[in-house]
Amino acid sequence: MSAARKEGRARAVLALAVLLGLGLATIPLFMTPPAYLDLVLRDPVLGSDLGGQHIVVTDDATGKRMTAAVQKISGAFLAHIGRINSGRTAYTARLEGYKPATAHVEAAALQNVRVPVDLKPVFGRLVITAVDATKLDEAVAVMAREGSKPLSQSPQRIISVTLAPGRHHFAAEAPGFCPTERDFEVREGAVTKVVLPLSPDLKNDEIARFVLNWPNEPRDLDSHFRRLGTSGFPNPAHVFFRHKSGLTGNGEVFARLDVDQLYPGRYETVTVRSSALGEYEYFVHLYAGLGTIGGSGATVQVYTRGCEVRTYAVPSDCTQRIWAVTTLRNANGRLELADQQRCEQGDSSPLAIKEAIQALLR
């Protein structure tokens with residue numbers, strides 16, 4: 001006879017005893033009258049599907065351990081613990097991937113009680129949205145992996161995975177785009193949403209692409225691409241959010257700011273064309289927000305022909321407003337990058353003061 005049938009039979013006998021007037025007098029004095037317990041389990045943080053797992057429940061008073069399967073019934077996750085001692089007691093519930101949780105139970109003899117238990121995960125959830133780096137939030141279906149482990153069985157635009165807390169390294173690829181690699185931080189018991197920008201293959205007269213990404217405050221970092229030796233405003237040889245297309249002396253576009261965004265977790269992209277002859281500098285400016293560039297976790301990926309990529313990470317001790325990343329030299333059909341990786345305070349020109357004031361009001 002199964003345990004469930006035995007339990008049902010015992011419950012029926014006790015119920016019959018009550019109906020016949022024997023009540024609890026039929027239970028020996030040295031025995032505690034039984035009750036019956038179901039736990040209703042919930043992950044209020046991540047809303048995870050708990051069905052199909054097994055939970056271990058310990059009676060805190062006696063140390064008795066019970067195991068039950070978690071079943072999804074009418075949208076709820078139910079663990080049928082079964083027969084317990086009636087009265088007031090506490091139970092510790094343990095489910096893999098979650099912190100132990102306590103269920104306080106008060107049950108009369110023969111009563112069937114359902115007790116809700118909220119479980120706190122020890123893992124986090126990462127939601128990755130892959131996008132075209134040259135477009136504003138245009139999703140791309142990618143195959144992504146962590147190490148050799150694929151995150152999905154088929155290309156996906158949005159990938160949701162549960163992971164241990166900490167920093168994780170991912171790689172992604174899609175037809176027509178350069179493969180990319182990024183690090184993302186996963187927090188315990190939290191959903192972290194990130195954007196993964198992919199650079200399209202460089203084509204026609206495109207010779208380089210700069211992709212800026214920053215996960216943390218300050219809220220607004222800006223990409224700048226400027227011909228060395230030029231200054232002032234307006235400056236046709238300076239590409240940034242107020243002048244999105246850089247122009248040569250004869251009016252030809254040599255670079256363009258494809259995407260300009262304001263918030264952490266976003267990206268900015270500058271694409272450079274072959275008409276950008278000579279030497280140019282690429283730098284990042286802290287335009288607005290709390291914190292420092294060094295605390296932003298910013299990275300810049302520079303793509304050149306053949307999907308060659310060079311990645312720059314901001315120095316963590318960068319407290320100034322300017323992060324000078326690299327210079328680009330294009331001459332005689334040859335492209336060279338010269339790393340800078342230094343931080344500068346920036347100038348105090350009327351334009352800079354005006355922009356600083358506008359940043360406070362932005």
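View 1. Strand β9 (residues 143-146) and strand β10 (residues 149-150) pair in the antiparallel sense over 2 bridges, where strands are DSSP runs of E with at least two residues, helices are runs of H or I with at least four, both are numbered from the N terminus, and two strands pair if DSSP finds at least two bridges between them. E146 has K149 in β10 as its bridge partner, and within this hairpin, which has 2 residues between the strands, G147 takes a positive phi near 65 degrees. Strand β9 is also joined to β12 by 3 bridges, and these two strands run antiparallel; here R145 has A171 in β12 as its bridge partner. Residues are numbered from 1 along each chain as its sequence is written, and side-chain values use heavy atoms, with hydrogens and water left out. This is a predicted model, in which local features need pLDDT of at least 70 and side-chain atom pairs count only at pLDDT 80 or more, while totals for chains, interfaces and linings use all residues.

**View 2. Strand β5 between its partners β2 and β6.** Strand β5 (residues 87-94) is joined to strand β2 (residues 54-59) by 4 bridges, and the two run antiparallel, with V57 standing opposite A93 in β5. Between β5 and strand β6 (residues 101-107) there are 7 bridges, again in an antiparallel arrangement, and R88 stands opposite E106 in β6. The hairpin of β5 and β6 has 6 residues between the strands, and G97 takes a positive phi near 90 degrees in it.

**View 3. The largest nonpolar core.** A nonpolar core is a set of buried Ala, Val, Leu, Ile, Met, Phe, Trp, Tyr and Cys residues joined through side-chain atoms within 4.5 Å, and buried means under 20% relative accessible area, with exposed over 50% and partly exposed in between (1.4 Å probe, protein chains only). The largest such core has 34 residues, and those with the most contacts inside it are F210, F225, V272, Y282, V300 and W323. Among the elements that give two or more residues to this core are β15 (206-214), β20 (266-273) and β24 (322-331), while β21 gives the most, with 6 residues. Leaving aside residues up to four places away in sequence, V272 touches several others, including I207, F210, F225 and F254, where a contact means heavy atoms within 4.5 Å. A second, separate core of 28 residues includes V57, A79, V105 and F123.

**View 4. The loop residue N204.** N204 lies in the loop between β14 (191-198) and β15, and it counts as exposed because its relative accessibility is 69%. Although N204 and R273 are 69 residues apart in sequence, they are 8.8 Å apart in space, C-alpha to C-alpha.

**View 5. The whole chain.** The chain holds 2 helices and 25 strands, and buried residues make up 44% of its 362 residues. Among contacts between residues at least 6 apart in sequence, 61% join residues at least 24 apart.
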